[in-house]
Amino acid sequence: MSTGRPSFKFRGGSFHALVVKPESSIDAWLADLDALLTRSPGFFARKSVVIDVSGLSLTKPTFLSLLDELSRRDIRILGVEGANPSDVDGRVPFLVRGQADKSDAAEVQAIQSDAPAPVSSLLIDAPVRSGQAIVHPDGDVTIVGSVASGAEIVAAGSIHVYGALRGRVLAGAYGNRRARIFCRRLDAELIAIDGHYIVADDVEPHLRKTPVQAWLEGDELKIITMN
Amino acid sequence: MAQVVVVTSGKGGVGKTTSTAALGAALARAGERVVVVDFDVGLRNLDLVMGAERRVVYDLIHVVQGSARLSQALIRDKRIDTLFLLAASQTRDKDSLSDDGVERVIRELRPSFDWVICDSPAGIERGSSLAMRHADLAVVVANPEVSSVRDSDRIIGLLDSTTDKAKRGEQMEKYLLLTRYDPVRAERGEMLCVEDVLEILCIPLLGIIPESKDVLHASNMGLPVTINEPTSAAARAYNDAARRLQGEQIPLVVPSDRTTLFSKLLGRRAA
């Protein structure tokens, strides 16, 4: 039956975004950010970024100037988390983290422990070429082949490279401190786990071109050779 | 039906045009019907290297836009009568190439030739993407240096994702042509060696063209090196590469001019 009215379709969706958490003091944090951008100018390119200001207790002018500073650095802000809604001033959407109703939480926990969430892993059976990006927000990525200089792998879980790793790899990119990186030959431009990263220049020379494993210990990215 | 070959590299100045001309001439000398097509609209050079720059009346753009027929734009080589050139326009740019027009030109060329060799412009923009789109096979030209190899790697990724063949779910055949190779300097570590390049690119090797003054000399003469100096090391390497394209199994060696001298001496002794 047609009513003659246009129909609109709405649906709820959840998407992955990079959450950036500024630290007080903001000025010092911005200086660190600039240092990061100098080393990796494309770090935030084409990425959606959420600003988490919870626990910072910023005043409204400080908060608005933080937004200005970030947009001046071409960081595109999708929304803000943990701010006072009146401070946001309509400049960016105010995000509320999805939370289960507290009374149901115990039950949900019980169900989850019975049946662990299925982990999907992605297998790429070819070399990853310069300029290609593999983004897998659901689990591990395994590459049977090399990852070329100028290629990028982003995974929610661990990353395994059965070949030479010459590009950029970001494991645990959606918040997973337990993610690891394995490769047959380390020659990477950048490796990162849960936002803690190390660039090629900072890799100990004796680890270069060797098979390695990388993991997070505290806030430190550890790499050991697996020879 | 012709095999459509794209000669591509990503980086400029590595020898795409020289290799297109040399491979085209080598195939034509072997009796194949060959057309070499210059896709570098606005920066055309293939006509110069083929020595046909004074005979261009109509070009690829005229045919693509329908203002000339293909038969009017094809220029027959003066030395090898199975070799043809379809020149690019120097006064236009890559935006003049329409998707439909290029597809029609390639479709019309296929029945009349054994080989359609498309000389891609440098870069990854419209010109190079149109040059590779309809190809059956790709010759990836690289120099033994890191920037060239990385750009070639990028091009291989595009060959595997943006071409018609890739979109049909088929595998594009890709071969590496390593040009300007100097075995002595590679030995000294001043340039990448063959193994380094193959390890990064992971595609089969079509040939290794040694660095040679004969190549530049032939280009300046307006002659593909395989016609101008057929006995030079570079020409022999291109001839071998052309025979491998035709499906022959030839062992890969890096030809050098010293061997020529040696075989000349042997030849004299035998005489």
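Predicted model: local features only at pLDDT ≥ 70, side-chain atom pairs only at ≥ 80, totals over all residues.
Two strands are taken to pair if DSSP finds at least two bridges between them. Strand β9 (residues 159-165) of chain A is joined by 5 bridges to strand β11 (residues 181-186) of chain A, and the two run parallel. Within this pair, Ala164(A) stands opposite Arg185(A) of β11(A). On β11(A) there is also a pairing with strand β14 (residues 212-217) of chain A, this time in the antiparallel sense and over 3 bridges. Here Ile181(A) faces Ala214(A) in β14(A). Strands of a sheet pair through backbone hydrogen bonds, in either a parallel or an antiparallel way.

Chain A as a whole comprises 4 helices and 15 strands. Of its 227 residues, 23% are buried. Among contacts in chain A with a separation of 6 or more, 27% are between residues 24 or more positions apart.

Chain A also contains an open sheet of 5 strands, ordered β6-β8-β10-β12-β13, in which the pairing is mixed. Its edges are formed by β6 (133-136) and β13 (196-199) of chain A, each of which pairs on one side only. From one strand to the next, the twist averages 5 degrees. Inside the sheet, strand β8 (residues 152-155) of chain A runs parallel to strand β10 (residues 168-171) of chain A, with 3 bridges joining them. One of the residues involved is Glu152(A), whose bridge partner in β10(A) is Arg168(A).

Elsewhere in chain A, a glycine gives a view of a loop. Gly55(A) sits between β2 (49-52) and α2 (60-72) of chain A. Is Gly55(A) buried or exposed? Gly55(A) counts as exposed because 9 other C-beta atoms lie within 10 Å, and the cut-off for an exposed residue is 12 or fewer. Its C-alpha atom is separated by 9.6 Å from that of Ser24(A), a residue 31 positions away along the chain.

Turning to chain B, 8 strands form an open sheet with mixed pairing, in the order β3-β4-β2-β5-β1-β6-β7-β8. At the edges stand β3 (75-76) and β8 (205-210) of chain B; each has a single partner strand, so one side of each is left without a neighbour in the sheet. For β3(B), there are 2 bridges to strand β4 (residues 83-86) of chain B, and these strands run antiparallel. Ile75(B) is placed opposite Leu85(B) in β4(B).

As for Cys118(B), its contacts beyond the neighbours within four places in sequence are Val4(B), Val5(B), Val6(B), Val7(B), Val37(B), Phe39(B), Ala131(B) and Ala135(B).

Finally, the two chains meet in a contact that takes 9 residues from chain A and 7 residues from chain B. On the side of chain A that touches chain B, 2 residues are nonpolar, 6 are polar and 1 is charged.

How values were computed:
Residues numbered from 1 in each chain as written. Chains lettered and ligands numbered in written order. Nonpolar A, V, L, I, M, F, W, Y, C, P; charged D, E, K, R; others polar. Buried ≥ 20, exposed ≤ 12 C-beta atoms within 10 Å, placed from the backbone. Axes fitted to C-alpha atoms, helices over the stretch in contact; angles between N-to-C directions.
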